[in-house]
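Hi there,

Here is the structure I promised to pass on to you. Please have a look at it first, and then read my notes below.

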Amino acid sequence: MGEVTVNTEWLSDCSGCHVAIVDLHEKILSVLEAVRIQRCPVLTDIKDYPPATVGLVSGAIRNEHDRQAALEMRKACDLVIAWGSCAVFGGPAGAGNIHTPDEIAAAVYLENKTTVPAPPPSKMVSPLESQVSPLDSVVEVDLYLPGCPPHPAFVFEALIALVEGRQPEVNGRSVCAKCKRKMEKTGVETLRSHFEGVPDPERCFLSQGYTCLGSVTIDRCLAPCPGNGVPCTGCAGATMQILTEPNRDIRTEIADRMSRLTRIGRDEIVRSLERSAKSHYSYTMATQMIGNKPTFHIRKWIEEEQADFEAGGEA
Ligand code: SF4
Ligand code: SF4
Ligand code: SF4
């Protein structure tokens with residue numbers, strides 16, 4: 001096996017995918033002695049783009065700098081991996097697509113209620129584009145690795161497969177496949193927020209009236225959240241069934257499942273998920289695949305929620 005060189009780049013993102021690679025490096029080097037990390041914003045001070053076998057790109061496209069950096073990576077690297085939910089789907093920043101850049105600047109800087117108001121970023125920073133976009137809207141992507149960040153086991157397997165010239169072993173299973181909690185019918189009658197009560201550690205969250213997105217989320221993490229007492233928020237993005245089948249949708253799938261497991265009405269669950277749509281759809285909101293689904297109503301749901309909030313009551 002010849003020497004494998006790796007470049008990484010981060011676009012608009014939280015840096016979490018790059019911080020996660022610090023663990024990964026040791027694992028790569030222990031098995032693949034030939035891998036050489038060249039450009040990596042958290043590890044090296046190389047700002048140009050040397051030719052490389054593999055390019056890992058995290059982050060979404062949000063401004064001109066992101067576009068140029070993505071193009072440079074594509075030119076320099078034989079294979080480009082969209083690394084993390086931001087690069088694959090647009091990530092949590094995709095929730096910004098329902099606001100204009102001016103609204104975002106006002107909320108974050110000028111009219112921020114929780115900090116001293118600050119002026120927006122200077123002209124030295126490229127302005128926000130009107131929409132967040134996934135990496136493949138700008139360059140061709142060879143492999144998609146969703147996750148927020150992706151579990152090192154999946155990144156590792158993808159790199160080895162590319163180096164060995166084979167297809168990575170990926171699965172289409174949902175997070176539930178790796179969750180040990182039991183789905184069982186209960187007499188639960190009310191929806192519960194994540195911070196209400198103490199969930200039974202053995203029983204599926206849906207059976208207890210808590211929203212858990214595990215059944216509509218692709219497993220790229222081995223289910224750490226439900227295993228540690230926290231419902232899945234869908235950070236790895238939706239399963240292929242949800243993404244590709246026109247009539248399947250996150251809120252209706254969850255509502256169907258939870259209403260069968262409890263005595264909570266399906267419509268009540270759907271409505272509850274719509275009221276918190278910005279959270280439940282945020283990781284994948286910027287993709288065409290989700291954007292063409294019922295999420296085109298998302299602005300209406302959020303405006304209704306905001307109106308209820310300002311009126312000081314519940315819907
Ligand atoms: S995918 Fe998650 S961890 Fe990675 S950069 Fe985006 S928000 Fe951060
Ligand atoms: S819905 Fe959540 S708690 Fe229930 S089995 Fe799936 S991942 Fe586990
Ligand atoms: S269990 Fe869900 S929220 Fe937690 S890491 Fe996996 S996909 Fe993300």
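**What surrounds the ligands**

Around ligand 2 you will find Cys176, Cys179, Arg181, Met183, Cys204, Phe205, Leu206, Cys212, Gly214 and Pro226; a residue is listed as near a molecule if one of its heavy atoms lies within 4 Å of it. By class, this shell around ligand 2 has 8 nonpolar residues, 1 polar and 1 charged. In this scheme Ala, Val, Leu, Ile, Met, Phe, Trp, Tyr, Cys and Pro are nonpolar, Asp, Glu, Lys and Arg are charged, and the others, Gly among them, are polar.

A word on where this comes from: this is a predicted model, in which local features need pLDDT of at least 70 and side-chain atom pairs count only at pLDDT 80 or more, while totals for chains, interfaces and linings use all residues. Residues are numbered from 1 along each chain as its sequence is written, chains are lettered from A and ligands numbered from 1 in the order in which they are written, and side-chain values use heavy atoms, leaving out hydrogens and water.

Ligand 3 has Val175, Thr217, Cys221, Pro224, Cys225, Pro226, Cys232, Thr233, Gly234, Cys235 and Ala236 around it. Its shell is made of 8 nonpolar and 3 polar residues, with no charged ones.

Next comes ligand 1, with Asp13, Cys14, Gly16, Cys17, Gly84, Ser85, Cys86, Pro92, Gly147, Cys148 and Pro149 in its surroundings. Helices H1 (16-31) and H3 are the elements that give two or more residues to this shell. Helices (H or I, at least four residues) and strands (E, at least two) are DSSP runs, numbered from the N terminus. The shell around ligand 1 divides into 6 nonpolar, 4 polar and 1 charged.

**Some backbone details**

Is the peptide bond from cysteine 148 to proline 149 cis or trans? The bond is cis, with omega near -5°. Proline 149 sits in the loop between strand S5 (143-145) and helix H5 (152-164).

Serine 15 has a positive phi, near 80°, in a residue other than glycine, and it is found in the loop between strand S1 (4-10) and H1. Alanine 223 also has a positive phi, near 60°, and lies in the loop between H5 and helix H6 (224-227).

The chain is divided into domain 1 (4-164) and domain 2 (175-311), with bounds that come from an automatic or database domain assignment. The contact (heavy atoms within 4.5 Å) takes 19 residues from domain 1 and 19 residues from domain 2. The centres of the two domains, taken over C-alpha atoms, are 27 Å apart.

Together the domains bury about 1600 Å², 69% of it on carbon and sulfur atoms; buried area is the accessible area (1.4 Å probe) that two parts lose on being put together, summed over both. Phe89, Ile98 and Phe154 supply 44% of the area that domain 1 buries against domain 2, more than any other three residues. On the side of domain 1 that touches domain 2, helix H3 (residues 85-89) gives the largest share, 3 residues. That side divides into 11 nonpolar, 8 polar and no charged residues.

Enjoy exploring!
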